[in-house]
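I opened my notebook to look at a pair of chains and the places where they meet. Here is what I looked up, in the order I went.

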Amino acid sequence: MSYTAGARAPAMPIISTVDTKHAVFTTAQTIASGTYPTAFLALYVPVLIESRCIVRKLGIANGATASGNLDLGLYSVDGVRLTSAGSTAQAGTSAEQWLDVADVTIQPGCYYLAVAFDGTTGTVQRASLSSAPAVAAMGVLTQDLGASVVLPATATFARTHSLTFYPTLMAATATNW
Amino acid sequence: MFSSATSRRVPTMISAVTSWGQMPWREYYDYGAPTASAFAGANYVRFDPIFVPAPATIRRAWWANGPTTTGGASVSVALYASTSDGVPGVKIVECAATTQGTASQVQFVDIADTWIGPGSYWIALAVSSVTNTTFLRTGSSSAAIDAVASQMQQTGITVGALPSPATPDIAGGHVNYFCGFATTASP
């Protein structure tokens, strides 16, 4: 009888806010295109990482309209920015948009995938949980960035109870994604 | 860059409706969207199972208020150990009985920081009244889900002084209230 150990690597090359392996969000809701809720509002969406991995790219599932600039980031549970893309034009509709970031190795734990937009015209594939405070109860946190779309080096977390917008955000561990 | 210092393999909001919940959320798509409704009963506690895969420290109890809270119900959330039979047993921690506050907000109540190891637990939500008091919840009318949901209940309890050990019965009707514990002190 032979024995083959599983690879000590992520089971999937993508970590996302909507896959059952990583998402804290557990309600089976429809994902559809929706406008970003508030300009310069950062959203921090928790994901659970089960094994050590290297995050090489960050991504977002764009909706039917692309507009303005966005930023994507990865944060520790304590609010430290581990990597981010910087202000980038939203590009592509109804498709994934991937941004190169400085590679970061992360250990198993709870992290936040973060996004901010500089307007409310651009759209994102998102779940809309119209009964507040469902999104806040899932652990999604926020931050008013003032007039900047750039995600901060250290997050100042807040909880927006009225938030109904749950975005589809991703991180890629594969070199060729 | 390498990061490891502050990571904890636990969600910030532990509940039956987040990733450690044992409810069949992901397997069935006939769950309704979260909605608000009156609680299941007065002086009543409902137990939802969770499985904790990694050590965690819980710091606050929480529940999600619906749009009507004028009834001023008294509410508490508790954590129970699971017995060898797999039902709620000894109470580990319970927040103080607290008047239901702002509508449509997550309401937090501090508890003594409590370390819990890996294993099975039950989250209990207790409410004193069903008049003009609503909570966010979801659920299903599916008999199949009801059969596997493993929810339990106990009546005639005192909010803020829940029994230990519990003597629960099987709960009918599959409803998950949004409640649980936070591993963070804020926000």
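How many residues does the contact take from chain A and from chain B? I began there, keeping in mind that this is a predicted model. I found 38 residues from chain A and 32 residues from chain B in the contact.

Next I asked which elements of chain A give two or more residues to the side that touches chain B. My list for chain A reads β3 (41-49), β6 (81-84), β8 (96-106), β9 (109-117) and α1 (134-137). The largest share of that side, five residues, comes from β8(A). I also sorted the side of chain A that touches chain B by class, and noted 23 nonpolar, twelve polar and three charged residues.

Then I turned to the largest nonpolar core, which has 106 residues. The members that touch the most other members are Y44(A), A114(A) and V140(A), along with W63(B), V77(B) and A124(B).

My last entry is on S37(B), which I placed in strand β3 (residues 35-38) of chain B. Not counting residues up to four places away in sequence, S37(B) touches G66(B), T134(B) and R137(B). I also checked S37(B) against L162(B), 125 residues apart along the chain, and their C-alpha atoms are separated by 23 Å.

Notes. Residues numbered from 1 in each chain as written. Chains lettered and ligands numbered in written order. Predicted model: local features only at pLDDT ≥ 70, side-chain atom pairs only at ≥ 80, totals over all residues. Contact = placed C-beta atoms within 7 Å. Helix = DSSP H or I, 4+ residues; strand = E, 2+ residues; numbered from the N terminus. Nonpolar A, V, L, I, M, F, W, Y, C, P; charged D, E, K, R; others polar. Core = buried A, V, L, I, M, F, W, Y, C linked by C-beta atoms within 7 Å. Buried ≥ 20, exposed ≤ 12 C-beta atoms within 10 Å, placed from the backbone.
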